[in-house]
Amino acid sequence: MAQVLAKTKARARNTTAVEAVSKADLPLGQILDGDCVEAMRQLPDNSVDMVFADPPYNLQLGGDLNRPDGSQVDAVTDHWDQFDSLTIYDKFTKDWMTEARRVLKPDGALWVIGSYHNIFRVGSILQDLGFWILNDIIWRKSNPMPNFKGTRFTNAHETLIWAGMGEKARYQFNYRAMKTLNDELQMRSDWVLPICGGAERLKRDGTKAHPTQKPEALLYRVMLATTEKGDVVLDPFFGTGTTGAVAKRLGRDWIGCERESVYREVAMERIELALPLDESALETMQSKKNAPRVAFGALVENGYIQPGTEIFDKKRRWVAKVRADGSLSYEKQTGSIHGLGKDLQGAPSCNGWTFWYLEHEGTVKPIDAIRQTYLLATED
C-alpha cells in the first residue's frame, strides 16, 4: 500500500532517484497560450507537485438545452467542449494525461474532475497510463441546476478522481488538516459545496465570463489536502483561473495552460486581485499533540471568514488570528475556537461560537452569526 508522507520538503524532491528541477526553470505564475498538450511539453520532467485538471466534459446531449423561459443553458454547445467521436476524445485525454504524468514528480498527484459524460473514460485511461486511484470524490452540489426537461434525475453532483503515480508511489495527504477543517471528523469522500455564484461568479459585460467556473472552496480543499506551501500546481485547463487564485491565497506556486485569450485575460485580472495569506495563517494542524479541535473550517473554506481575520472576545482581552484550516493563533498559543478560548480563560470548557467576535460589515458580531448566514446559504 502506498505510504502517506509526513510534512517534509524532503519528500518532494526524491533527489536520489530524480534530479531536482529548479523553480527558476519553470514559468511560475504564467498562463501558457495554445493547446495544453503542446504547452505542457515546454515543462521539464518531474517538475510539478500536483496537476488539477478540469478538462472538457464532451457533453453528449444531442443539441441545445433550454430553460423553461427559453434561455439556453451555458456550455452545452461551446466549441471547446465538442469532439466528433468518443475515439477522438479518448486520444485527446490520453495525450494530455501522458504529458501530465511526465511533468509530475514521483510523489505527485493528479486530480481530474468530470461528469458522467466523461469521468469513467478518464478513469480508465489514467489507470492504463499507470496512475493509481486513491479516492473518487463526489462533489454534491447544494444548489444544482434542475433537470428542465423532466426526463432524468437532476444531475446534482460531479466526480473528482485523486490519483498517485503508481500503486507503491508515495503521495502527500494532510490528514490532520482535513480532519481539522471538518469539525474533528474524518473528511469523507462526499463533499457538499455550492456551485459558483454570487460575487465569486466572474462576469464580463453582464454575462458569465466562463460557463463552468468552479467554486474556490472546491480547489481550496483539494490543495489544502494534498499539497504544501511552496508546491507547484499545474492546471492544463485554466479557464478563468480558479486554481491560480486559490494557489496564490494558500502560498502555492501555479502554472496554467489556456488557449482562449478572453479566459486568460479574465484569469490574470482575477489572480492579480487575490490576496495571499500571511505566514501564520498558512500553518495548518499536523498532529494531535499540537492540534486542538476546530469547528468552523467550513466558514474559512467557503470564504465566509478569511484566513488572517482577527477575532476577539467580547471584552477584547484577547485578539486571535484565523489560520487556513480553521485553527486560531494567539501569540504562541494555537487551538480551535473552543480549545483556545478555554485555555485563555483557564476554564474547563468554552463555546467558541459565542465566545469569539469579529467585525463584519461595519458591526461587531459573534462568529455564530456568520455560521448562521452560511447555514442559510447552503440549505438544500
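Reader: Which residue in β6 is the bridge partner of Ile137?

Author: In this predicted model, strand β5 covers residues 132-141 and strand β6 covers residues 157-164, and the two pair in the antiparallel sense over eight bridges. Within β6, the bridge partner of Ile137 is Leu160.

Reader: Which strands are the edge strands of the open sheet?

Author: Eight strands form this open sheet with mixed pairing, and their order is β2-β12-β11-β3-β4-β6-β5-β8. Each edge strand pairs on one side only, and the two strands in question are β2 (30-33) and β8.

Reader: Is Lys105 buried or exposed, and which side chain does its own side chain contact?

Author: Lys105 has its place in strand β4, residues 104-114. Because its relative accessible area is 8% and the limit for buried is under 20%, Lys105 counts as buried. The side chain of Lys105 makes a polar contact, at 3.0 Å, with the side chain of Asp49.

Reader: Where is Gly197, and is it buried, exposed or partly exposed?

Author: The place of Gly197 is in the loop between β8 (190-193) and β9 (203-204). From C-alpha to C-alpha, Gly197 is 9.0 Å from Gln213, a residue 16 positions apart from it in sequence. The relative accessibility of Gly197 is 37%, which lies between the cut-offs of 20% and 50%, so Gly197 counts as partly exposed.

Note on methods:
Residues are numbered from 1 along each chain as its sequence is written. This is a predicted model: local features need pLDDT of at least 70, side-chain atom pairs count only at pLDDT 80 or more; totals for chains, interfaces and linings use all residues. Side-chain values use heavy atoms; hydrogens and water are left out. Helices (H or I, at least four residues) and strands (E, at least two) are DSSP runs, numbered from the N terminus. Buried means under 20% relative accessible area, exposed over 50%, partly exposed in between (1.4 Å probe, protein chains only). A polar contact is a pair of N or O atoms within 3.5 Å; within protein, one must be able to donate a hydrogen and the other to accept it, and residues adjacent in sequence count only if both atoms are side-chain atoms. Two strands pair if DSSP finds at least two bridges between them.
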